[in-house]
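Take a look at the model below.

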Amino acid sequence: MSIHFKNVNYIYQQATPFEQQALFDISLTIPSGSYTAIIGHTGSGKSTLLQHLNGLLKPTSGQITIEKQIITPTTKNKALSSLRKQVGIVFQFPEAQLFEETVLKDIAFGPKNFGSSEQEATQLARQMAHLVNLPEELLEKSPFELSGGQMRRVAIAGILAMEPQVLVLDEPTAGLDPRGRAEIMEIFQALRIKQHLTIILVTHQMDDVARYANHVIVLEKGRLLASGTPTEIFSDPDWLRTHHLALPQATRFASALQKKSGFEFSKMPLTEEELANQLVQQLGKRG
Amino acid sequence: MEKIIEIADLTFHYPQQDSELLRQVNLTIHKGEWVALIGHNGSGKSTLARLIDGLLVPTTGTLKIGGTILSDASVWQIRKKIGMVFQNPDNQFVGANVEEDVAFGLENLAIPRAQMQVRVKEALQRVNMWEFREHEPARLSGGQKQRVALAGVIAMRPEIIILDEATSMLDPEGRKDVIKIIQELSQAGFTIISITHDINEASLAQRVVVLNDGQILQAATPQTVFARGEKLLAVGLDVPFSEKLKVALSRQGLHVPAGYLTEEGMIDWLCQSISKT
């Protein structure tokens with residue numbers, strides 16, 4: 001499912017003294033099947049933009065096209081219910097939204113709500129639990145007895161159980177330990193490959209952007225600052241610094257090394273493997 | 001150096017559980033020291049912090065804080081020496097504005113108003129949040145909230161500050177701000193225990209204590225602990241970038257130095273290598 005924004009503006013509490021514009025004239029495309037990263041500071045409009053992706057917010061002006069469905073300021077909420085099933089959003093700290101008696105019931109809640117039978121929903125829940133690597137013996141436990149990382153996987157499985165075509169992730173690894181972070185990121189990668197999902201990732205972790213995304217959208221103060229491939233976006237360390245954006249570790253290291261020594265990088269490396277490749281080549285040539 | 005925390009043969013398990021969460025923990029922390037406590041989820045880090053603050057009682061073994069054995073009789077006196085900041089910035093506010101929130105603990109101690117005002121101002125200035133004193137806590141960013149929580153702790157004038165993953169829910173800028181404040185507090189002489197998964201935060205500590213399945217696996221300088229390389233992931237810490245790069249280089253057949261190198265050290269080594277070739 002491809003997504004297009006055309007001249008989208010969004011104003012919170014319009015026509016009140018608290019009026020605040022959060023999005024300014026945003027036009028962009030998220031290609032179908034892409035792994036798109038949205039980066040920008042806290043307050044850059046990432047969360048506002050994200051809530052437009054399944055109609056939780058409607059634009060104040062402009063329009064959004066998701067596959068064939070067009071959302072304008074006057075679209076009725078009733079027309080958006082199918083969209084909510086197609087675009088699944090995993091919000092920040094989604095484990096705060098768990099509520100059922102057992103893990104399995106919690107994951108099955110979404111599909112049941114959208115009209116699946118008890119049996120269908122339970123079967124789907126089992127599949128999804130498996131997909132996010134939750135061991136079978138946890139399924140009948142209370143979700144509140146699990147560890148933080150496990151709870152988060154239950155919440156993600158709950159969204160997956162609605163079988164969305166687009167999975168939107170708002171800082172899915174925040175607050176997890178490094179191993180938990182790596183596991184979760186690998187799960188999304190596998191989902192994209194096996195289930196052909198379009199993935200939209202909001203993150204501050206530039207290493208994840210470098211490693212997983214193939215399309216990057218940069219927001220600043222509610223405006224679209226840039227979009228392109230990770231290689232394009234991270235090619236100019238000085239530009240990123242000017243906009244107070246972090247670099248992937250390998251890019252930052254290469255940039256520091258270039259300033260200090262005889263190393264030259266024709267293409268800024270994004271991961272330690274790419275960096276090691278270029279370093280070995282240059283060391284080899286001279287040797 | 002003066003000992004401020006002495007933990008001897010400490011074991012802990014919850015009454016309803018058979019397995020021990022902490023086993024035979026021995027650890028001494030000196031006054032003014034900054035210790036980073038690391039370990040994977042469930043390794044017992046937070047349990048240890050709660051035992052130090054007397055929120056939990058050890059099953060066996062003893063804890064001494066400032067030379068006094070922690071007991072039912074001494075816990076209230078000891079708790080005044082310790083301030084704790086927790087992970088979630090949203091769960092720690094009671095006041096309607098920043099200033100009142102920082103004053104809350106002092107009100108509980110019945111500190112006279114004039115003195116309270118001085119201490120609140122001093123604490124908020126210390127975390128660079130004085131200009132936000134009239135703001136509503138809920139409307140602050142995560143990093144600002146954690147700095148206010150720290151001010152609430154500083155106003156109580158503790159000797160020991162325990163940060164239980166206080167930076168883990170923050171964005172990079174908020175995290176940087178809080179780490180900078182921790183550095184300043186350490187320089188000002190506070191004893192700091194920071195429980196963390198963040199390699200940058202751990203690298204600033206004088207000592208890193210690694211907990212694994214309820215036991216201390218290692219207690220050494222950050223450099224020594226970071227030399228574990230890729231094995232750090234198993235004890236709940238990110239692998240430093242310089243170590244990741246070394247692994248990637250040696251996979252390509254390059255000989256790399258054996259010991260731990262900081263990023264600067266790695267850059268120097270690469271510069272030397274290219275000038276030699």
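In which sense do E3(B) and strand E9 of chain B pair, and over how many bridges? The model here is a predicted one. In it, E3(B) and E9 (residues 207–212) run in the parallel sense and pair over four bridges.

E3(B) has another neighbour. Strand E8 (residues 191–195) of chain B pairs with E3(B), also in the parallel sense and over four bridges.

How covered is strand E3 of chain B? Mostly: E3 spans residues 34–38, and five of its five residues are buried. Both faces are covered. One side carries Trp34(B), Ala36(B) and Ile38(B), and the other carries Val35(B) and Leu37(B).

Now turn to the contact between the chains. Chain B puts 31 residues in contact with 31 residues of chain A. Together the two chains bury about 2,900 Å², 67% of it on carbon and sulfur atoms. Polar links are present as well. Seven residue pairs are in polar contact between chain B and chain A, counting pairs with both residues at pLDDT 80 or more. The rule finds three salt bridges across the interface. One of them joins the side chains of Asp268(B) and Lys260(A), at 2.7 Å from N to O.

Which elements of chain B give two or more residues to the side that touches chain A? They are helix H6 (172–187), helix H9 (241–251) and helix H10 (263–276). H10(B) gives the most, with eight residues. By class, this side of chain B has 15 nonpolar, nine polar and seven charged residues.

Key
Residues are numbered from 1 along each chain as its sequence is written. Chains are lettered from A and ligands numbered from 1 in the order in which they are written. This is a predicted model: local features need pLDDT of at least 70, side-chain atom pairs count only at pLDDT 80 or more; totals for chains, interfaces and linings use all residues. Side-chain values use heavy atoms; hydrogens and water are left out. Contact means heavy atoms within 4.5 Å. Buried area is the accessible area (1.4 Å probe) that two parts lose on being put together, summed over both. A salt bridge is a side-chain nitrogen of Lys or Arg within 4 Å of a carboxyl oxygen of Asp or Glu. A polar contact is a pair of N or O atoms within 3.5 Å; within protein, one must be able to donate a hydrogen and the other to accept it, and residues adjacent in sequence count only if both atoms are side-chain atoms. Ala, Val, Leu, Ile, Met, Phe, Trp, Tyr, Cys and Pro count as nonpolar, Asp, Glu, Lys and Arg as charged, and the others, Gly among them, as polar. Buried means under 20% relative accessible area, exposed over 50%, partly exposed in between (1.4 Å probe, protein chains only). Two strands pair if DSSP finds at least two bridges between them.
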